[in-house]
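Q: Hi! I have a structure open and would like to go through it with you. Could we start with what a word like "buried" stands for?

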Amino acid sequence: QVQLVESGGGLVQAGDSLRLSCAASGRTFSMYAMGWFRQAPGKEREFVAGIKWSGANTYYADSVKGRFTISGDNAKKVVYLQMNSLKPEDTAIYYCGASARPSISGGYYTVPRNYDYWGQGTQVTVSS
């Protein structure tokens, strides 16, 4: 089992920045990738950004490219999401996920069902 704990959410104004953190514990050696997803009220969970531990490849949703940056500290098993130039439409609960499934395709890790573990989520609210 892998446990994930997110932190860093909050209420900010449009244009501000936030950094989310996700700390993993447990059987972290089984993780191949980690990702950030978000879910707004009445909407499905959507991919935001992902990172593969091997090679540190990163992937982003088009809606956040150029504004968000995912990074990871493999030694500490922590993944970060730096969010700049936040917009009201970024408002959602942000979830950290970990996948124990190897894949050479980055697209594989943009799909929620390919993740095995989830954190409890952290609320991000961006006011206009």
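A: Happy to! A residue counts as buried when its relative accessible area is under 20%, and as exposed when that value is over 50%. Keep in mind that this is a predicted model.

Q: Which strands does strand 9 pair with?

A: Strand 4, residues 33–39, pairs with strand 9 in the antiparallel sense over seven bridges. Strand 11, residues 122–127, is also an antiparallel partner, over three bridges. Then there is strand 10, residues 117–118, which pairs with strand 9 in the antiparallel sense over two bridges.

Q: New topic: rings. How many aromatic pairs does the structure hold?

A: Six aromatic pairs. One of them is F37 with F47: the ring centres are 5.6 Å apart and the planes are at 70 degrees, so the pair is edge-to-face. This pair links distant parts of the chain, with F37 in strand 4 and F47 in strand 5, ten residues apart.

Q: And are F37 and F47 buried or exposed?

A: Both F37 and F47 are buried. Another edge-to-face pair is Y108 with Y109, at 5.2 Å centre to centre and with 90 degrees between the planes.

Q: What about the accessibility of Y108 and Y109?

A: Y108 is partly exposed, with a relative accessible area of 25%. Y109 has 2% relative accessibility, so it counts as buried.

Q: Which residues do ring pairs link into a cluster?

A: The cluster has F37, F47, Y108, Y109, Y115 and W118 in it.

Q: Let's look at K52. Where is it found?

A: K52 is in strand 5, residues 46–52. K52 is buried but has no salt bridge, and the nearest side chain of opposite charge, D116, is 14 Å away.

Q: Then what lies 2.9 Å from a polar atom of the K52 side chain?

A: That would be the backbone oxygen of S103. Setting aside residues up to four places away in sequence, K52 touches Y32, A33, N57, Y59, S103, I104 and Y109.

Q: Which residues have a positive phi although they are not glycines?

A: K77 is one of them, with a phi of about 60 degrees, and S85 is another, at about 50 degrees. For background, most residues other than glycine have a negative phi.

Q: Where do K77 and S85 lie?

A: K77 is in the loop between strand 7 (68–73) and strand 8 (78–83). S85 lies in the loop between strand 8 and strand 9 (92–99).

Q: Are they buried or partly exposed?

A: K77 is buried, with a relative accessible area of 18%. S85 is partly exposed, at 40%.

Q: Last one: what is S21 in contact with?

A: Leaving out neighbours within four places in sequence, S21 contacts V5, E6, S7, W36, V79 and Y80. S21 is in strand 3, residues 18–26. With a relative accessible area of 16%, S21 is buried.

Terms used: Residues are numbered from 1 along each chain as its sequence is written. This is a predicted model: local features need pLDDT of at least 70, side-chain atom pairs count only at pLDDT 80 or more; totals for chains, interfaces and linings use all residues. Side-chain values use heavy atoms; hydrogens and water are left out. Helices (H or I, at least four residues) and strands (E, at least two) are DSSP runs, numbered from the N terminus. Buried means under 20% relative accessible area, exposed over 50%, partly exposed in between (1.4 Å probe, protein chains only). Lys and Arg count as positive and Asp and Glu as negative; His and the chain ends are not counted. A salt bridge is a side-chain nitrogen of Lys or Arg within 4 Å of a carboxyl oxygen of Asp or Glu. A polar contact is a pair of N or O atoms within 3.5 Å; within protein, one must be able to donate a hydrogen and the other to accept it, and residues adjacent in sequence count only if both atoms are side-chain atoms. Contact means heavy atoms within 4.5 Å. Two strands pair if DSSP finds at least two bridges between them. Rings of Phe, Tyr and Trp (its six-membered ring) pair if their centres lie within 6.5 Å; planes under 30 degrees apart count as stacked, over 60 as edge-to-face and the rest as tilted.
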